[in-house]
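This briefing is meant for a reader who is meeting the structure for the first time. Please look through the sequence and the model below before turning to the notes, which are grouped by topic.

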Amino acid sequence: MSSTIDRRAFLTRAGLTLAIVATPSSLKVLAMGPAATASDVFSPGPWLQITPDNQVTVLLCKSEMGQGIHTAIPMIVADELEADWSQVKTEMAPVEAEYADPVHHMHATFGSQSIRHLYQPLRKLGAAGREILVEAAANKWNVAASECEAIQGKVHHKSSGRSFSYGELVEEASSLPVPENPRLKDKSEFKLMGTPVARRDLPAKVSGEAKFGLDTFVPGMLYGVVARPPAYGAKMTSYDEQAAKKVNGVRHVVEFDRGIGICADTIDAAWKGREALNAQWGPGVEPGLSTASMDKYLADALDMSALEARNDPGVPAALRQASKRVHATYFLPYLSHAIMEPMNATAHVQADRCETWSPSQSPSGVQGVAARITGLKPEQIKVNTPYLGGGYGGRGATDGVHEAVSLSKATGKPIKVIWTREEDIKYEAYRPGYGHRIDASLDKTGKVTAWSHRVAGSIVHGRGPGPRVDSGAVSGLRDLQYDIPNIKVDYIWVNKPIPVRPWRSPSGSHNGFTVESFMDELAHAANQDPVEFRLKHLQHSPRAQRVVELAAEKSGWGKPLTGAEGRGITTYYTDEAYVAAVAEVSVDRKTGVIDVHRIVCSVDGGPIINPDTAEAQIAGALIMGLSAALKEKVEFADGGVKSANFSDYHTLRMSQAPNIEVHFVDSDAKIGGLGEPSLPLAAPSVTNAIFDATGARIRRLPLTPERVLEALSRV
Amino acid sequence: MAQSITLKINGKSYTVQAEPDVPLLWVIREYLQLSGTKFGCGIAQCGACTVHVDGQPMRSCQLQVIRAVGREITTIEGIREDHPVKQAWIDIQVPQCGYCQSGQIMSAVALVEKNSNPSEADIIQAMEGNLCRCGTYTRIKQAIYQAAEEVRNS
């Protein structure tokens with residue numbers, strides 16, 4: 001993206017004397033000897049700057065969407081640096097190569113990867129800074145570095161009692177080379193990591209001052225709205241430009257690749273202009289597309305030709321020789337991200353530059369889209385990323401930026417595009433609906449000898465058109481965590497005009513439900529306790545066994561329930577974290593309403609940076625999974641989307657939120673992600689508990705009262 | 001036609017040129033740039049736009065601006081920093097993404113000022129209209145209990 005010259009120019013501009021690129025395994029010094037003059041910033045690596053005013057600035061390549069990453073990242077750096085927490089501030093890094101995520105090389109936040117990718121590089125960065133500052137102080141005192149110690153933003157000379165603040169060492173430190181392998185702190189030396197440090201973004205989020213994407217105001221900006229086709233792929237047939245322009249405050253009507261844009265002085269004038277426009281559209285590419293047609297298609301798809309994702313040779317024989325065969329079919333609906341902050345973006349395109357403001361999980365994606373539309377170079381696009389009012393995979397989408405940049409380019413004005421809730425629900429890209437069919441064999445001892453799994457769904461991961469196997473469909477299946485000697489996984493590509501993209505825990509959100517429901521069915525078929533049955537099939541994985549045992553122990557598995565009628569166990573492994581949960585439910589036999597009393601969750605994600613935000617992520621993902629399990633389904637009609645707002649796309653409210661207990665395993669294993677792993681547990685822990693309570697096995701989500709009553713009637 | 005409209009918000013007087021039927025929400029957050037009040041749904045289903053009008057919690061997306069004239073409007077910015085609800089929200093570390101929290105706080109302030117000893121059912125009744133996609137409901141409940149206790153003891 002940026003050439004050597006550009007990078008050097010940047011370094012000069014920023015007054016940096018050293019730059020290193022951090023990778024998970026090592027710190028690599030990219031450049032360069034001591035600078036001739038500038039020494040007003042000590043920067044031992046791209047994300048860290050210390051200035052003579054004693055300010056420690058940590059630059060962030062990750063978006064804050066509620067996960068607490070803007071607190072966790074500086075905690076790691078500051079702890080290893082031995083900085084005083086109060087001297088640390090953070091800024092979003094410029095969207096330039098040297099500041100990017102060291103693994104995927106983008107400014108993007110997804111896949112529960114931030115801490116996994118940054119933990120070691122940030123520790124090394126902070127530790128390198130600490131070692132250099134100590135050396136700088138030792139040089140100034142002309143003593144050995146071993147006589148000096150860094151404590152909370154100062155270097156002390158032990159025997160003389162002298163000290164320098166970090167700010168006072170900037171000039172000397174910036175002339176010293178960066179050590180390749182600085183000594184990392186021992187866990188016992190941590191002062192911030194592992195403690196519940198208060199989140200840095202919360203005071204502004206409580207006062208009302210926090211700036212989200214929608215809170216962008218640029219002088220001279222107009223509001224942009226877009227008239228969009230009601231059905232997928234529908235072509236515009238007519239619109240009344242003059243009528244729209246007659247609306248007071250409407251300035252521009254722009255036909256472009258996403259519809260017809262109306263730009264106006266106020267948001268309400270833009271909406272009135274859109275109404276007056278009276279755009280007419282032809283039929284969509286699949287006029288008969290509806291909820292019923294998609295439900296039928298997903299069922300039929302399970303018999304269509306498939307792509308092989310895994311095919312162990314012993315599967316057919318094991319199935320033939322089964323002591324017992326078990327099979328089941330499961331269906332999951334399309335889901336909306338239903339992010340509280342609707343899609344929005346602001347852009348200002350000028351002749352030689354473009355600036356954007358958008359609540360994006362992918363600033364790199366924003367930069368790419370803006371560069372493509374404007375014809376400018378990436379380095380001419382300044383990307384601003386305010387707080388995101390939720391993300392969950394949905395804010396990797398760049399639709400809003402596409403529209404704001406296009407309209408700003410066409411009008412020459414800064415444009416703020418705001419989607420209504422109806423637009424956000426109807427025009428976003430969904431978690432695909434899925435169909436699953438599983439066929440498995442048990443031997444006489446109740447061990448699973450073969451597992452044959454067909455999954456049908458659209459492609460959410462990777463690039464390029466289908467047909468190809470989608471990891472979003474088969475992750476968690478082709479690498480099924482249970483000890484099963486023979487596994488076959490077939491993927492059926494669902495090629496429909498409905499746009500899809502990753503949702504929180506893209507594969508786990510459906511494979512958690514199918515795998516963990518089916519493991520429960522197998523346990524019962526084998527007449528075994530579901531906890532014991534899982535442990536028996538996890539013997540190669542002590543960490544997985546530990547979380548199952550912990551969830552069972554903390555939930556009182558095997559003991560009488562108080563209040564609830566049934567309990568269900570689940571476990572999952574994703575994003576390098578092991579999780580398990582027990583849900584306790586009761587079922588109203590008259591209304592079909594499920595009451596989830598409590599979910600007890602156990603987690604082994606390796607070391608925990610901030611136990612308070614970690615707990616919040618685990619609990620929040622369980623709530624989102626429970627919301628999907630109990631309530632969520634996108635409805636389609638007439639070739640487009642029928643669901644429109646929170647009045648017909650329901651998400652979980654307070655009355656249905658259970659008590660959640662989270663128990664972390666004290667673990668020194670490789671650090672894992674925590675934003676998503678618990679989500680897959682929610683649905684199957686509830687359906688398994690419903691089975692425990694009633695004997696009714698529900699294999700289709702969501703668990704609407706009608707569906708529950710229907711299942712109860714079959715028992 | 002747009003007309004000159006004067007509103008009293010957080011004790012201050014603001015005059016704007018606006019169509020009389022524009023929802024108060026948009027005047028507060030886009031015209032006056034008091035952007036702590038959030039847009040979530042536009043149909044009173046999510047509570048993100050909750051403000052107080054003459055002390056009562058209201059969805060500002062449902063109130064035409066002309067109908068707010070002459071009334072005392074309070075937004076998140078008008079709740080003092082040391083209010084027990086705001087303090088509890090920090091102590092319990094309630095927000096995740098934070099987008100819905102202005103509305104949550106406005107609903108919670110109205111609740112504890114009316115009822116400083118709310119039962120769980122009271123809390124659910126007051127808060128059921130405020131959606132949170134990050135799933136902070138448990139911490140919201142804890143924070144309301146703490147804030148209510150603070151109000152009782154003051």
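This is a predicted model: local features need pLDDT of at least 70, side-chain atom pairs count only at pLDDT 80 or more; totals for chains, interfaces and linings use all residues.

**Strand pairing in chain B**

In β5(B), Ile73(B) is the bridge partner of Ile9(B).

- With strand β2 (residues 12–18) of chain B, by contrast, strand β1 (residues 3–9) of chain B pairs in the antiparallel sense, over 7 bridges, and Gln3(B) has Ala18(B) in β2(B) as its bridge partner.
- The hairpin of β1(B) and β2(B) has 2 residues between the strands, and in this hairpin Asn10(B) takes a positive phi near 50 degrees.

**A helix pair in chain B**

- Helix α3 (residues 101–114) and helix α4 (residues 120–127), both of chain B, pack with their axes 9 Å apart and at an angle of about 135 degrees; α3(B) and α4(B) are therefore oblique to each other.
- The crossing of α3(B) and α4(B) is right-handed, and the contact is made by Gln104(B), Ser107(B), Ala108(B) and Leu111(B) on the side of α3(B), and by Ile123(B), Ala126(B) and Met127(B) on the side of α4(B).
- By class, the residues of the contact of α3(B) with α4(B) comprise 5 nonpolar and 2 polar residues, with no charged ones.

**Overall form of chain A**

- The secondary structure of chain A consists of 19 helices and 29 strands.
- For the 715 residues of chain A the globule rule gives 27 Å, and the radius of gyration of chain A is 28 Å, which is close to that value, so chain A is as compact as a globular protein of that length.
- The C-alpha trace of chain A spans about 80 × 70 × 50 Å along its principal axes.

**An open sheet in chain A**

- In chain A, 4 strands form an open sheet in the order β24-β25-β26-β29, and the pairing in this sheet is mixed.
- β24 (566–574) and β29 of chain A stand at the edges of the sheet, and each has a single partner strand, so one side of each is left without a neighbour in the sheet; from one strand to the next, the twist averages 15 degrees.
- β24(A) and strand β25 (residues 577–587) of chain A run antiparallel and are joined by 9 bridges, and Tyr573(A) stands opposite Tyr578(A) in β25(A).

**Backbone features in loops of chain A**

- Most residues other than glycine have a negative phi, and most peptide bonds are trans.
- Asn54(A), although it is not a glycine, has a positive phi of about 75 degrees, and Asn54(A) lies in the loop between β4 (48–50) and β5 (56–60) of chain A.
- The peptide bond from Gly466(A) to Pro467(A) is cis, with omega near -5 degrees, and Pro467(A) lies in the loop between β22 (448–457) and α13 (471–474) of chain A.
- The peptide bond from Leu701(A) to Pro702(A) is also cis, with omega near 0 degrees, and Pro702(A) is found in the loop between α18 (679–694) and α19 (705–714) of chain A.

**Where the two chains meet**

- In chain A, 48 residues are in contact with 43 residues of chain B.
- The elements α5 (202–207), α7 (267–277), α17 (611–630) and β29 (659–664) of chain A each supply at least two residues of the side of chain A that touches chain B, and α17(A) gives the most to that side, with 6 residues.
- The side of chain A that touches chain B has, by class, 24 nonpolar, 14 polar and 10 charged residues.

How values were computed
Residues are numbered from 1 along each chain as its sequence is written. Chains are lettered from A and ligands numbered from 1 in the order in which they are written. Two residues are in contact if their C-beta atoms, placed from the backbone, lie within 7 Å. Ala, Val, Leu, Ile, Met, Phe, Trp, Tyr, Cys and Pro count as nonpolar, Asp, Glu, Lys and Arg as charged, and the others, Gly among them, as polar. Two strands pair if DSSP finds at least two bridges between them. Axes are lines fitted to C-alpha atoms, for helices over the stretch in contact, and angles run from 0 to 180 degrees between N-to-C directions. Angles under 35 degrees count as roughly parallel, over 145 as roughly antiparallel, 65 to 115 as roughly perpendicular and the rest as oblique. A crossing is left-handed if the near helix is turned anticlockwise from the far one by less than a right angle, and right-handed if clockwise. The radius of gyration is taken over C-alpha atoms; the globule rule is 2.2 Å times the number of residues to the power 0.38.
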